[in-house]
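Have a look at the picture, then read through the points in order.

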Amino acid sequence: MAGAVLVAPAARALPDGLALTPPMGFNNWNTTACGPEFTEAMVRDIADIFVSKGLKDAGYEYVNIDDCWAEKTRDAAGQLVPNRTRFPSGIKAVADYVHSKGLKFGIYTSAGTATCEKDNGFPGGLGHEESDAQQFASWGVDYLKYDNCNNQGVDAKERYRKMRDALKKTGRPIVFSLCEWGQSKPWEWASDTGHLWRTTGDIVDTWPRTMEIYEENVVLDSYAGPGHWNDPDMLEVGNGKMSAVQYQSHFSLWAIMAAPLLIGSDLRKVSADTFTILENKDVIAVDQDRLGVQGKRIRTTGASGADVIVKPLANGDKAVALFNKSASTQTISTSLAEIGMSGPAVLKDLWTKSAHTTSDAISASVASHATVIYRVSANG
């Protein structure tokens with residue numbers, strides 16, 4: 001058991017030094033979709049809030065836009081055209097503004113003939129990879145989310161690797177996010193293609209869907225590492241349809257799974273409690289640990305029971321999550337021996353900030369749908 005927790009699998013990542021820890025930032029889709037509030041003013045506001053509210057200091061870096069940023073047709077030269085209503089200043093001006101705040105800018109398209117927008121989509125990248133990549137680079141794009149709609153049945157490896165090569169050819173460092181929904185098991189082949197890959201279909205702001213995605217992603221720990229991450233989709237924290245306890249668990253579980261942390265709520269409207277969750281630097285440190293190991297579930301009592309997840313950290317500490325999936329409070333336990341450590345050790349609760357010393361037992365009374373996450377440090 002200790003060996004399974006300690007050893008990170010060898011996997012070949014892109015040799016560009018990007019995304020050595022899971023990307024952190026924002027994407028508008030979960031809060032706006034293609035609604036009228038998705039505009040360049042919103043993007044600028046989010047960049048401002050990253051700075052003013054401390055999110056940048058907490059590690060959030062990318063301000064990304066999703067579908068519906070473009071016009072429905074390319075221009076006569078085959079170039080993408082920013083939507084004149086949403087982005088009257090153009091994409092480069094918005095990217096320049098984001099960069100002026102010391103942040104990075106991300107964009108979206110699909111590895112198909114059109115994007116996923118329900119009314120026939122916007123122009124996709126299939127067959128336009130080099131042109132689109134060059135255009136993104138010229139705008140100052142730092143991150144590309146590449147979706148899977150309207151793919152014409154072309155093999156995923158072919159489509160995504162063609163864009164990988166086009167991005168590389170630009171000479172600009174661009175984090176490449178494969179949004180293939182896990183259909184062709186990208187965790188098995190995409191570590192040399194992109195920096196992260198979706199392992200599931202889309203998240204929505206409900207506890208049952210968040211749990212479905214968690215269950216699909218938590219078992220893929222052996223495939224993640226620096227520069228190549230499992231992506232269980234963006235955060236719903238702050239969107240209002242789950243409880244504060246559920247959002248806290250959502251954030252804790254994504255962190256211990258070394259998932260990208262992309263805020264999906266409109267930060268202009270969320271409560272102070274949302275910022276408290278999103279800015280928990282102790283939990284963020286678990287996600288961003290430079291060892292780059294996704295936490296391993298070492299014990300589960302099923303979909304309505306309890307899980308224990310362990311993540312080794314670069315300084316020799318371990319993060320341990322005790323997650324209660326059931327409808328009532330229960331005690332969840334593991335031990336130093338089970339996680340490959342010896343006592344005594346200090347357990348720091350990363351939400352309450354309380355700490356205590358243990359000789360072996362790691363245990364807590366955990367409320368329904370809550371997660372207690374400890375950082376376990378050798379005592380002396």
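1. Charges to begin with: the chain carries 38 positive and 45 negative side chains. The centres of those two sets sit 2 Å apart. Keep in mind that this is a predicted model.

2. As for the inside, 58% of the 380 residues are buried.

3. Now the overall build. You'll find 11 helices and 16 strands in the chain. Its radius of gyration is 21 Å, close to the 21 Å given by the globule rule for 380 residues, so the chain is as compact as a globular protein of that length. Along the principal axes, the C-alpha atoms fill a box of roughly 70 × 40 × 35 Å.

4. Is W69 buried or exposed? With a relative accessible area of 3%, under the 20% cut-off, W69 counts as buried.

5. Who are its neighbours? Leaving aside residues up to four places away in sequence, W69 touches F38, L80, P82, N83, F87, I91, I107, Y108, F136 and W139. One of these, I107, is 38 residues from W69 along the chain, yet their C-alpha atoms are separated by 8.6 Å. With Y108, a polar atom of the W69 side chain lies 2.7 Å from the backbone oxygen.

Definitions and conventions:
Residues numbered from 1 in each chain as written. Predicted model: local features only at pLDDT ≥ 70, side-chain atom pairs only at ≥ 80, totals over all residues. Heavy atoms only, no water. Helix = DSSP H or I, 4+ residues; strand = E, 2+ residues; numbered from the N terminus. Rg over C-alpha atoms; globule rule 2.2 N^0.38 Å. Buried < 20%, exposed > 50% of the residue type's maximum accessible area, 1.4 Å probe, protein only. Lys, Arg positive; Asp, Glu negative; His and termini not counted. Charge placed at Lys NZ, Arg CZ, Asp CG, Glu CD. Contact = heavy atoms within 4.5 Å. Polar contact = N/O pair within 3.5 Å; in protein donor to acceptor, adjacent residues only side chain to side chain.
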